[in-house]
Amino acid sequence: MDRGNIGVLPRPTKLADESYLEFVTSFRKFAIQKGFPVMAANGEAALGKSIEKGETPTPEEGEQLPLSDIKKVFAQVPFTPTWQRFVRSQQEMMWRGTRKSFVRGADKLMQDMADAEISHPDNIHYDSNFEPPKYTRCEIHCQPGGYTDDPLGGIVFHYGTKIFYEGFNDQDELHIELAEKATKPEDGKIEQILDVGCSIGQCTTHLKTLYPQAEIWGLDVGLPLIRYGHMRAVQHGKDVHFKQALAEDSGFADGQFDMILAYILFHEVPVAKMKEILAEMFRVLRPGGKFSIFEFPNNDDGQVPPGYRFMIDNDSRDNCEPYSPAFVASDFKGILEQTGFIVEDGPKSSNEFLQSLIATKPA
Ligand SMILES: C[S@@+](CC[C@H](N)C(=O)[O-])C[C@H]1O[C@@H](n2cnc3c(N)ncnc32)[C@H](O)[C@@H]1O
């Protein structure tokens, strides 16, 4: 059943599903906004007492507490397992409920995506023989089929992340903001822009609104995502290109892009792949080009509080984020510099959790 859209967001196929998913959104909001601060504060208070009593060794000056000590103490606080259960349950409810609803409209959606490919074949680029490597195929965030293996993955990602964003961003507000905050090259030449790890192209299409004269590319390993993104762009009258490829082997020409944007890509790949992707982005950015990165914060200055470290570790196991702890622990800025970029802090977004970096390829 196609119940149309609210603005740019598709409606679930039954009113009962929409009501249920509204409840899941509120439940998530509760777990994140109310539950997390209480869990973190209780855990950190217990940790302080345990250090005072000498049960947990005081870290050396400039050193961080081992994660194992944080986990041991947090696990003894009664609210911690309750919070962990809330977080896991809302995640399962969000994906299962979303997919169950949109599977009812699957035939029409598959037809709409195929029609968009027939009407605008030059804007979508993929090779049917391409096999995404295993590391990209895990079910990140517990999304069934992950980014690569569910033909309905695009719409499931779209509505599921509306819940993930706790209802905010149902009209792409965050993506519009990030596209606006992507840094322009100082010489003002903007002919080609890449949105790397673009998912369903919510930033990609808004880059076209901002830079109508430029050629805009969204690249992602997930074919279901780019097929859905392409269909949406066609429906919205946006002339953008979507390509299924690996960010570390993009197939673009040396120095092709004036600007590149990456929004929360790097914590979702192993550190070795992150290094390969940075080298590839350095190659395809032209001298003087700007690479804008909005990403999870790193732990490298030792300032990340124990509650956050506990949450990231919990998320990696309970929310299938296998690569994020290594990313958070990595010296991301240092690796960007080793790749050849000049790195500075970028404009913060309304999502204060994210770090913002601008990496410039020296002219
Ligand atoms: C958290 S999502 C990014 C969100 C997206 N930038 C947005 O605007 O909402 C991470 C994306 O990176 C993609 N990805 C992961 N590894 C990749 C790789 N090696 N090459 C290309 N895309 C990759 C995934 O398929 C997924 O769509």
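Two residues are taken to be in contact if their C-beta atoms, placed from the backbone, lie within 7 Å. The structure described here is a predicted model, in which local features need pLDDT of at least 70, side-chain atom pairs count only at pLDDT 80 or more, and totals for chains, interfaces and linings use all residues. Residues are numbered from 1 along each chain as its sequence is written.

The protein is divided into domain 1 (5–122) and domain 2 (171–360), with bounds that come from an automatic or database domain assignment. Their C-alpha centres lie 22 Å apart, and 23 residues of domain 1 are in contact with 18 residues of domain 2. On the side of domain 1 that touches domain 2, two or more residues are given by each of helix H1 (15–52), helix H2 (67–75), helix H3 (79–102) and helix H4 (106–119). Helices (H or I, at least four residues) and strands (E, at least two) are DSSP runs, numbered from the N terminus. H1 provides the largest share of this side, five residues.

The axes, lines fitted to C-alpha atoms over the stretch in contact, with angles from 0 to 180 degrees between N-to-C directions, come within 9 Å and cross at roughly 65°. The two helices are therefore roughly perpendicular, a class that spans 65 to 115 degrees.

H8 covers residues 223–235 and includes Ala233. This residue counts as buried because it has 26 C-beta neighbours inside 10 Å, where 20 or more other C-beta atoms within 10 Å, placed from the backbone, are required. Beyond its neighbours within four places in sequence, Ala233 is in contact with Gly201, Thr205, Lys238 and Val240. The C-alpha atoms of Ala233 and Ile200, 33 residues apart along the chain, are separated by 9.4 Å.

Helix H5 (residues 153–164) is largely enclosed by the rest of the structure, because eleven of its twelve residues are buried. Among them are Ile155, Phe157, Tyr159 and Lys162. The cover over the buried residues of H5 includes strand E2 (9–10), H1, H3, H4 and H8. After H5 comes Glu166, with a positive phi near 60°.

Key:
Angles under 35 degrees count as roughly parallel, over 145 as roughly antiparallel, 65 to 115 as roughly perpendicular and the rest as oblique.
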